[in-house]
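Please keep the coordinates open while reading.

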Amino acid sequence: MLSVLRVHLPSDIPIVGCELTPYVLLRRPDKTVTTDDVLESAPLDGHFLRYKWYRIQSDRKVAICSVHPSEQATLQCLGCVKAKIPVAKSYHCSPKCFSDAWQHHRVLHDRAASAVNENGNEEEEIFGRFNSSGSGVINASLTGSPSSTSLTNGSTPLYPAAVAQRSGGETWFEVGRTKTYTPTADDIGHVLKFECVVVDAETKLTVGHPNTLLTSRVIPAPCPSPRRLIPVSGADMMGHLDSDGRISTSGTFTILSYNILSDSYASNELYSYCPSWALSWPYRRQNLLREIVGYRADIVCLQEVQSDHFEEFFAPELDKHGYQALYKRKTNEVYSGNIHTIDGCATFFRRDRFSHVKKYEVEFNKAAQSLTEVAVQTTQKKAALSRLVKDNVALIVVLEAKFSNQGADNPGKRQLLCVANTHVNVQQELKDVKIWQVHTLLKGLEKIAASADIPMLVCGDFNSVPGSAPHSLLAMGKVDPLHPDLLIDPLAILRPHSKLTHQLPLVSAYSSFARGVGLGLEQQRRRMDPTTNEPLFTNCTRDFIGTLDYIFYTADSLTVESLLELLDEDSLRKDTALPSPEWSSDHIALLAEFRSWRCSRENGPEKPMDTDKIT
C-alpha cells in the first residue's frame, strides 16, 4: 500500500510571497521509494495523497523584529510610534538589537522629521533617553487587527472563515489544499502547519495517520527603499522607480544590467553571513523578480542566469510583464556539473517598445580554437586551449525601436539599436584571458557597426576593475603598452600591444555622474571614484568590494538622460555585505536612461547586416 515515509521543508523560514513546497518521500506498493506526487486524478493502487495547509493563530498576537525577521519582537521604538513610521519598522527583538541597528534606524526618524518639518527637540529627547538609560524602547503589549482568513492559493478555492479548528488557545485556519503553498501577508507572525495523508480513492477515507510538519513563524519579505532615477542631463525632476510608471519620454529608453548571482554559486560557505533563508533560491528568485520588474526597464541584461531558471522562471515570469526573452548559455567544455544548471546571459526587451531584428552569439571557446590554430605554436596548442577555454559567452541582440524621437523630416528611418550582454572570465590571475575576451567581443561589435552603423550598448559583468587593461580598452579604445596587466601574457596572444584597440566611441554611462548637472548629483559623486569616474563598487561581499559591472554606450549616437542611484556602502554593511535579505545578489543593478539622436545610416542607405555568427 502507498505510504508516506517522511515530509520536510527545504527552507527553514517561510517568507511572504515565496512558495513552500515540502519534500514528501513515499513508498509505493512495490516497496520502491519515490518523491513523485500521487494525485486524486491519477491514483496509485487505489490510493492518492491529500494535502492541507493551516495557519495557526494564537490568541496572543505576535510582532516580528524588523532587523531579525526570524525573531519575535519584544521591544518597540517610541520614536517610530511618535513619527508615524510604519509600525513594522519599530519592532526589535532585544535592546542589543536596537542598539546595534541604531545608526541605520535613526535615518528613519530623520526622514520622517524632515518630511513633516517637525521640531527636533522631542526626537533628541527620545534619542538621549535611549542612549543613556535604554528607556527609549518599551516592552509592548503587541496587538494587531484580526487577519482575513479567506485565501486563494494555487488552484484552491476561496476558504471561508468557518474552516477552522480550535485547540488550547489556538485557532487553525485552513488556507490551502495543494502541495505547494505561498504565504500571504495574513500569515505574518504565524506558524503554518502542513498535513499530508493517504486517501482511499474509492471511499475517500483517510488511511493511517496524517504526516505533519510545523514551520517557523512567517516573516514579511524585506523591502529595501526604492532606488531613484537621477537625471544627469540638466532636468530638474527626480522620482522613484516603481510598478506604477517610468520616468521617461517617448524618445528615450532604459536599460538594466544585473548579475543576479547564480544559485549554483550561492553557497552557505561562500556567503555564510547571509541567513540561509535569504540565500535560498525560492526566496531569492522572488526578490530578484520583484526588483527587476520594479525598475520597468525597456531592456534587461542579466548575467549568471541558470539555464533551468531561465526556462522555468525568468522567461515565463517576465513574459507576463511584456518582455520577450533571448538567452545564451555558457558552453560546457570546462563545466562538469548538471548541464541544466549552467548559467549564461539573458536579454529581455519590452515588446511594446522594441522588436527583434537579429541575434549574434559569441562563444569565446570557438574564438580560442581559431586563435590557437593560427597564432600558437603546435607544441603549445594544448596548453593554450587549457588557458583560453573558459566557457564564457556574450549575447548580442539587434533591436528596432517602435518609438521615435525623429521629426517629420526623417520619415521611414529605422531606429536600430545593438545591445551586447556578456560575462567575462572571473579568474583574476588570467589577466591575458580577460583582455583577449573583451578585445574579441569588441572586434565582433566593430563588424556589426561597419555593416549597420547603429547605436551600441555594451553591458555586463566584466570582472575587471576600473583602470585595468580590459576597462581601459573599453573606455579609452586602447591599452597603454606599459600597462602592468600586459606583463601576464604567457601565450603572447596580446602582442603586438598596438593591436589592442577598437574604433567604437564607447563611454561608461555612470561616468555621467561626474560630468552631469542636476539635482542629487553631489550625493552620487560621493559614491564615485574621482580618479576613474566609475562607481566605488558594483560588487560587495565580505572579502571584496569594487566595480566589476558596466554599461558602455556609443557617445556619437546616444546621450545619457538619467542613471539609477548608487547604493551607499554603510547601508549594505548593516547586513555585513551582499547578498542580504534586502538585496538578493552580490552585485548591484545598474540602469541608465538614454536618448538616441541618430537613426541608422543618416547619410545613406542601410547596408545589409552581416549574417555570420560571431565567434
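**Helix packing**

The axes of helix 5 (residues 281–295) and helix 6 (residues 307–319) come within 11 Å and cross at roughly 35 degrees. Helices (H or I, at least four residues) and strands (E, at least two) are DSSP runs, numbered from the N terminus. Axes are lines fitted to C-alpha atoms, for helices over the stretch in contact, and angles run from 0 to 180 degrees between N-to-C directions. The crossing of helix 5 with helix 6 is right-handed, a term used if the near helix is turned clockwise from the far one by less than a right angle, with left-handed for anticlockwise. On the helix 5 side the contact (heavy atoms within 4.5 Å) is made by Trp281, Arg285, Gln286, Leu289, Ile292 and Val293; helix 6 contributes His309, Phe313, Phe314, Glu317 and Leu318. By class these residues are seven nonpolar, two polar and two charged, where Ala, Val, Leu, Ile, Met, Phe, Trp, Tyr, Cys and Pro count as nonpolar, Asp, Glu, Lys and Arg as charged, and the others, Gly among them, as polar.

The model is predicted, so local features need pLDDT of at least 70 and side-chain atom pairs count only at pLDDT 80 or more, while totals for chains, interfaces and linings use all residues. Residues are numbered from 1 along each chain as its sequence is written, and side-chain values use heavy atoms, with hydrogens and water left out.

An open sheet of six strands has the order 18-19-20-21-27-22, with mixed pairing; two strands pair if DSSP finds at least two bridges between them. Strand 18 (354–363) and strand 22 (506–508) are the edge strands, each pairing on one side only. On average, neighbouring strands of this sheet are turned by 20 degrees against each other, direction ignored. Strand 22 runs antiparallel to strand 27 (residues 549–554), and three bridges join them; serine 508 has phenylalanine 552 of strand 27 as its bridge partner.

Helices also meet this sheet. Helix 7 (residues 364–375) lies across strand 18, strand 19 (393–401) and strand 20 (416–423), and runs at about 45 degrees to strand 18. Helix 9 (residues 431–452) packs on the sheet and touches strands 18, 19, 20, 21 (456–461) and 22. The direction of helix 9 makes about 160 degrees with that of strand 21.

Another open sheet has three strands in the order 1-2-3, paired antiparallel. Its edge strands are strand 1 (3–8) and strand 3 (33–34). Five bridges pair strand 1 with strand 2 (residues 23–27), and serine 3 stands opposite arginine 27.

The structure holds one cavity of 30 Å³ or more. On a 1 Å grid over the protein atoms alone, a cavity is a set of points where a 1.4 Å probe fits but cannot get out, and a pocket is an open set with protein on both sides within 12 Å along at least five of seven lines; lining residues have an atom within 4 Å of a point. Grid points are joined across faces, edges and corners, and a volume is the space filled by probe spheres set on the points.

The largest cavity has a volume of about 50 Å³. Its lining has seven nonpolar, two polar and no charged residues, including Phe253, Phe354 and Ser596. The second largest pocket has a volume of about 770 Å³.

**Backbone details**

The peptide bond from arginine 495 to proline 496 is cis, with omega near -5 degrees.
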